[in-house]
Amino acid sequence: MLALPLAVLLLLMLHVLSQLIAPRDKTRPPVVFHWIPFWGSTASYGLHPVRFLCTCREKYGNVFTFYLFGKPITAVLGKEGNRFFFSGEPDVLSAKDAYCQFFTPVFGEGVIYDVPHEVFMEQKKFIKSGLSPEKFRAYVDLIAEEVDHYLDASLFSVPQHGSSTEWASFDVIDVVSEMVVLTASSTLQGPEVREALDTSFAQQLRDLNGGLAAINFFFPHLPLESYRRRDRARIKINEVYTNIIEHRRSGTTQEDDIIAFLLNQTYRDGRPLTSREIAHLMVALFLGGEDTNAAAGSWALLHLAERPDIAEELYDEQAKHFLDSDGHWRPMTYEHLRALPKLDAVIRETLRVDPPAHTLMRKALHDICIPQALAKPSEDGIYVIPKGHFVLGSPAVTQIDAGVFTDPMKWEPKRWNDGTNVFKVDDLDPSEQVDYGWGLVSKGLHSPYLPFGAGKHRCIGEQFAYVQVGTILATLIRRMELRLDIPFPEHNYQTMVSMPSRPFDFGRPSAVD
Ligand code: HEM
């Protein structure tokens, strides 16, 4: 009767002793101490990955291995870690091998991580070319209009800024997420998708998005209802897109959106994209940007509600540029939006403190030597990441590094405009630009601030994110005052993109008497 518990206890003791006293392979990075084999550091990482990584970094340095659900993960941290991570060649440090099983059941086959790296880079180029500044010029108006309609039509009445109505409250994640979906569909996705949102399509999108939870990364095929909903939703959503695309192919519509753009693209070998590829790329575009932009917008609103002084400065900036002498708002233009330093700083600072993509993964396809500049063992030697390990990069860690940012945990947008930053934002430096096959971008490998990643897998949605989140924030700030009357929410890391935790209540409305 007691044999089983005793055997388990003995096994645990052996596991602990093996970590404490057994001689260690000196070429392997240190392993984070854990009590239970297989389970490893799952609990402490899952609760707060960024805190876990920072604590381990203090103890073990920039490179260490830990276990999640039995999988060995080697973290490479700090500026040198980012550089190592983002400059890795795809046949050595592979994003495809790390992400394929996670994203393909959601996006569908034949695109992104389900194709060879070179094909994905071509697909990335098609999408990037469709996200052009010319398109963004039209988007600003469409987004502002959609947000205004949303507020006019919503159940709660929205008092004007400066009026003296009672405070109300709203769920910031729901509201911002809905705005993000509506505005992405009326801009990137096209009129048919926008119309479809009024049907069961919206629920199907939510079900499909449910397939991007953290647990799906480790267990892509569990017999759970959420997985079945994900698979059913993908089939239904593909049908909707395929019908739209076939209808467009028949030549009866004249739209100027991403679907129209993709219909005219061909691979280097002359092959045009199939309807299935276009459908799957549109889903990837939708879901790739949905949670990240919703998280950025939600965190920014929460910070503004906690800092009415900054919200007031944003309002003044809007009033200075867009309020005419009769008290009417002039429409925002793309150029104006890009040139508003306070709005820009609010988004930048939010992405620094609450980066939606906090940890990124690659798979080591070979044994990889760690450069000595990143980490070296105490004896002369070199660390090797063994083939098969996941490799984890986290710009979130350098973005709150006290060696780089003064008072790093404080959300303080002013740091971006008052010269406090000790590093150069190299977005515009031509000597730091490179083309990885999908357009010119800044390398960014030296920067401690990388919310959109860097290198070959760098985000192509960055400008759209600024346009979408910026226009939503600007429109909201014109129409309401914000207050936060609960403690600032913690991060929720159950999803791959870190959202504010619920429950929270959010003072939303107009003016105080
Ligand atoms: C890649 C962050 C919005 C599409 C990435 C990466 C990061 C990131 C960190 C690099 C991933 C890696 O190296 O593993 C963000 C943030 C966003 C945002 C913080 C919003 C605030 C968007 C939007 C879109 C988008 C709106 C689409 C319209 C993509 C694509 C990639 C990417 C296609 C390339 C993936 C690859 O090459 O492997 N994003 N993103 N993102 N993002 Fe975004």
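Of the 22 residues around the ligand, the ones that come nearest are Gly289, Thr292, Gly453, Cys459 and Gly461. A residue counts as near a molecule or strand if its C-beta atom, placed from the backbone, lies within 6 Å of it. This is a predicted model: local features need pLDDT of at least 70, side-chain atom pairs count only at pLDDT 80 or more, and totals for chains, interfaces and linings use all residues. Residues are numbered from 1 along each chain as its sequence is written.

Which helices each supply at least two residues of the shell around the ligand? They are helix 14 (275-306) and helix 19 (462-479). Helices (H or I, at least four residues) and strands (E, at least two) are DSSP runs, numbered from the N terminus. Helix 14 gives the largest share of the shell, six residues. By type, the shell holds 13 nonpolar, seven polar and two charged residues. Here Ala, Val, Leu, Ile, Met, Phe, Trp, Tyr, Cys and Pro count as nonpolar, Asp, Glu, Lys and Arg as charged, and the others, Gly among them, as polar.

Now look at cysteine 459. It lies in the loop between strand 10 and helix 19. An unreviewed UniProt entry covers Cys459 with the annotation "binding site". UniProt positions are given in the numbering used here, feature names are shortened, and annotations may be inferred rather than shown by experiment. Is cysteine 459 buried or partly exposed? Cysteine 459 has 18 other C-beta atoms within 10 Å, so it is partly exposed. The scale is simple: a residue is buried if 20 or more other C-beta atoms lie within 10 Å of its own, exposed if 12 or fewer, and partly exposed in between, with C-beta atoms placed from the backbone. Leaving aside neighbours within four places in sequence, cysteine 459 is in contact with Phe452 and Gly453. Contact means that the two C-beta atoms, placed from the backbone, lie within 7 Å.

Follow the chain into helix 19. Its 18 residues reach 26 Å from first C-alpha to last, close to the 26 Å expected at 1.5 Å a residue. That expected span is 1.5 Å times one less than the number of residues. Helix 19 is largely enclosed by the rest of the structure, because 15 of its 18 residues are buried.

Next comes tryptophan 438. Its place is in the loop between strand 9 (433-435) and strand 10 (440-442). With 19 other C-beta atoms within 10 Å, tryptophan 438 is partly exposed. Beyond its neighbours within four places in sequence, its contacts are Met121, Lys124, Lys125, Lys128 and Ile460.

Aspartate 257 sits in another loop, between helix 12 (225-249) and helix 13 (258-263). It counts as buried because it has 21 C-beta neighbours inside 10 Å. Aspartate 257 touches Leu188, Gln189 and Gly190, not counting residues up to four places away in sequence. Aspartate 257 and leucine 131 are 126 residues apart in sequence, yet 9.4 Å apart in space, C-alpha to C-alpha.

Helix 4 (residues 78-86) is mostly covered, with eight of its nine residues buried. These buried residues pack against strand 2 (71-76), strand 5 (360-364), strand 8 (390-393) and helix 18 (395-398).

Finally, step back to the chain. It has 19 helices and 13 strands. Of its 513 residues, 40% count as buried. Among contacts between residues at least 6 apart in sequence, 74% join residues at least 24 apart.
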